[in-house]
Every structure is written in C-alpha cells, then in structure tokens.
Amino acid sequence: MRRGTRSTVAVALLAVLAVLVVLVWGSSSGAPLVTEPQGTWGPPRAETGEPLLPTLEPGAEPETGPERATASTEWLVDLLTALFLMAVLTAVLLLLRWLSRQRLEERDRRVTAEEDELVALLEATSDEVRWQALAEGDPRNGVVACWVALEEAVQRAGLRASASETAAELTSRVLSRWEVDPRAIADLSDAYREARFSRHPVTEEQREAAVDALDRIHADLRRRVQAEEEARAAEERAREAERVAREDADVQTGQDARAQRTPRGRRR
C-alpha cells in the first residue's frame with residue numbers, strides 16, 4: 001500500500017469513527033439530531049381557557065410504569081455508550097500507532113535503499129573498474145565501459161527510468177542527487193556518446209579523460225560518504241553528551257535533596 005493510499009484510508013476511518021461517536025452521543029442523550037423548527041407559520045390558536053398541562057384528580061396516582069422503565073434502562077445506555085467510546089478511542093490509538101510504525105518502516109526502507117545505491121555507485125567507480133577501463137581493450141571500449149559501469153550500478157540499486165528518460169539520463173539524475181560535480185558527469189557522458197555513436201577513431205587521450213572523469217565522480221561519492229559518517233558521529237556525540245548531562249543533573253538533584261533532608265547538627 002502506497003503512502004498516499006494509507007493516509008487516505010486513515011482519514012476515512014477517522015471520519016467514520018467520528019460520525020459513529022456523534023450518532024451514539026445523540027441517541028444516548030435523548031435529544032434528536034434533527035428537530036423541527038420552533039416557530040409557527042400559521043395563525044396563533046385561539047385561547048380556550050383550558051389548562052396547558054394535564055392535572056391529576058384528587059386521590060389519583062400518577063402513571064409511573066413507563067418512567068420507571070426509562071429510568072431503569074438509562075444506566076445501561078450510559079454503560080454501553082461509555083464502552084463504545086472506549087472502543088473507538090482504542091481503535092484510534094491503534095490506528096495512529098500503526099501509521100507511526102508504517103512511517104518508521106518506510107524511512108528505514110528508504111535509508112537502506114539509499115545505502116545500497118551509494119555502495120553500488122562506489123563499486124562502479126572503484127580503482128579496479130578504472131584500471132580495467134584504462135588498460136584493457138581499445139580506447140573506444142574503455143570509454144564506453146566507464147559509463148556502462150555506472151548504468152549497471154543504478155540498475156543493481158533497483159532504480160528504474162521513467163517513461164520520459166533514457167538509462168543515461170537516469171544515471172545522470174542519480175549522480176546529481178548525490179551531489180557529484182556536474183562537470184564530471186557531463187565530461188563522461190559526452191565521451192560515452194561520442195565513443196558509442198561516432199564512427200571516427202577514439203584516442204588514448206579520450207580514454208584517459210573518461211577515466212579521469214570517473215575518478216572525479218568516485219572522489220565526490222567518497223566525500224559524500226565521509227560527510228554522512230561525520231554527521232552520524234556528531235549526532236551520536238551530541239546524544240551521548242545529552243545523556244551524560246541528564247545523568248549529572250539527576251545526580252546533582254539527588255545530592256541537593258539529601259542535603260536538604262540532613263539536619264543542621266549532622267552537617268558539622
């Protein structure tokens with residue numbers, strides 16, 4: 001289930017639960033949810049002199065059967081209403097907990113996918129790949145191999161091109177997302193297209209330029225990895241410092257409390 005679909009389902013469930021709560025509250029309170037207008041549109045009735053409220057004859061007893069039945073069932077209605085509201089509250093809490101768990105799982109999957117993507121790109125630009133492109137085969141194949149290694153790395157990471165972009169465009173977009181130097185991407189991409197689709201010979205200088213562009217891409221990826229490692233280390237140090245400060249504050253609070261409870265005579 002996609003993220004947008006899960007959010008829509010959650011909102012719909014909350015709306016249904018809210019409607020049910022309103023209906024149950026209205027039925028248990030004894031007041032109708034929709035009432036007739038209080039005003040009158042017709043002419044006022046003539047005064048007849050009859051009493052507006054019924055009166056009891058002397059010695060007659062009021063009819064208490066329906067009133068007793070209503071009073072005896074009020075506590076049951078209140079109990080059922082309270083149980084239903086508790087069930088609704090529990091359902092809402094469970095739903096919110098499920099949504100929170102889904103967000104955490106989605107974040108973990110995204111982080112894992114990004115790590116796999118970065119590892120694949122580092123492998124595609126490694127020293128071994130650059131050496132093979134520089135030493136093996138003719139210059140044309142070496143230039144093509146530099147770019148194809150990146151495209152294969154993107155495919156191994158599970159990324160797919162959209163309907164409007166080619167594999168080369170997808171590779172350029174992925175590299176840009178990792179803050180790789182755009183000039184290195186353009187140099188290698190241009191060298192690849194020229195070696196792939198042109199008919200004139202490809203020189204050793206062009207192969208060396210393609211390998212140099214691949215080396216710059218690798219260096220930028222390594223800097224990104226180091227920056228993320230330093231950021232995680234700084235975050236971990238900040239959490240550790242906060243934990244130590246909290247523990248020191250707790251210890252100081254305990255010492256102050258013991259000092260206040262100690263009599264003055266014992267402090268000497």
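Biologist: Quick one to start: when H6 passes H7, is the crossing left-handed or right-handed?
Modeller: Left-handed, for H6 passing H7. The term applies when the near helix is turned anticlockwise from the far one by less than a right angle; clockwise would be right-handed. Helices here are DSSP runs of H or I with at least four residues, strands are E runs of at least two, and both are numbered from the N terminus. This is a predicted model, where local features need pLDDT of at least 70 and side-chain atom pairs count only at pLDDT 80 or more, while totals for chains, interfaces and linings use all residues. Residues are numbered from 1 along each chain as its sequence is written, and side-chain values use heavy atoms, with hydrogens and water left out.

Biologist: At what angle do H6 and H7 pack, and how far apart are their axes?
Modeller: About 145°, with the axes of H6 and H7 9 Å apart. The axes are lines fitted to C-alpha atoms, for helices over the stretch in contact, and angles run from 0 to 180 degrees between N-to-C directions.

Biologist: Which residues of H6 and H7 make the contact?
Modeller: From H6 there are Arg183, Ala184, Ile185, Asp187, Leu188, Ala191 and Glu194, and from H7 there are Gln206, Ala210, Ala213, Leu214, Arg216 and Ile217. Contact means heavy atoms within 4.5 Å. Sorted by class, that is eight nonpolar, one polar and four charged residues. Ala, Val, Leu, Ile, Met, Phe, Trp, Tyr, Cys and Pro count as nonpolar, Asp, Glu, Lys and Arg as charged, and the others, Gly among them, as polar.

Biologist: OK, what about H4 and H7, what angle do they pack at?
Modeller: H4 (residues 139-156) and H7 (residues 204-261) pack at about 20°, and their axes are 8 Å apart. That makes H4 roughly parallel to H7. The cut-offs are under 35 degrees for roughly parallel, over 145 for roughly antiparallel, 65 to 115 for roughly perpendicular, and oblique for the rest. The crossing of H4 and H7 is left-handed.

Biologist: And who meets whom between H4 and H7?
Modeller: Pro139, Gly142, Val143, Cys146 and Leu150 of H4 meet a set in H7 that includes Glu204, Arg207, Ala210 and Leu214. The classes in this contact of H4 with H7 are eight nonpolar, two polar and two charged.

Biologist: Is Arg207 buried or exposed?
Modeller: Arg207 has 4% relative accessibility, so it counts as buried. Buried means under 20% relative accessible area, exposed means over 50%, and partly exposed is in between, with a 1.4 Å probe and protein chains only.

Biologist: What does Arg207 touch, then?
Modeller: Leaving out residues up to four places away in sequence, Arg207 touches Ala133, Leu134, Glu136, Gly137, Asp138, Pro139, Gly142 and Val143.

Biologist: Changing topic: how many aromatic pairs does a search of the whole structure find?
Modeller: One. The pair is Trp147 and Tyr192, which are stacked at 6.0 Å centre to centre with 25° between the planes. Rings of Phe, Tyr and Trp (its six-membered ring) pair if their centres lie within 6.5 Å; planes under 30 degrees apart count as stacked, over 60 as edge-to-face and the rest as tilted.

Biologist: Where do Trp147 and Tyr192 lie?
Modeller: Trp147 is in H4 and Tyr192 is in H6 (residues 182-197), so the pair ties together parts 45 residues apart in sequence. Trp147 is buried at 0% relative accessibility, and Tyr192 is buried too, at 9%.

Biologist: How do the axes of H4 and H6 cross?
Modeller: At roughly 125°, with the axes of H4 and H6 coming within 9 Å. That makes H4 oblique to H6. The contact includes Trp147, Val143 and Leu150 of H4, and Tyr192, Leu188 and Ala195 of H6. Its residues divide into 11 nonpolar, one polar and four charged.

Biologist: What's with Glu179, what is its phi?
Modeller: Phi of Glu179 is near 60°, a positive value in a residue other than glycine. Glu179 sits in the loop between H5 and H6, and it counts as exposed at 61% relative accessibility.

Biologist: Last one: how many helices and strands in the protein?
Modeller: Eight helices and zero strands. Buried residues make up 22% of the 268 residues.
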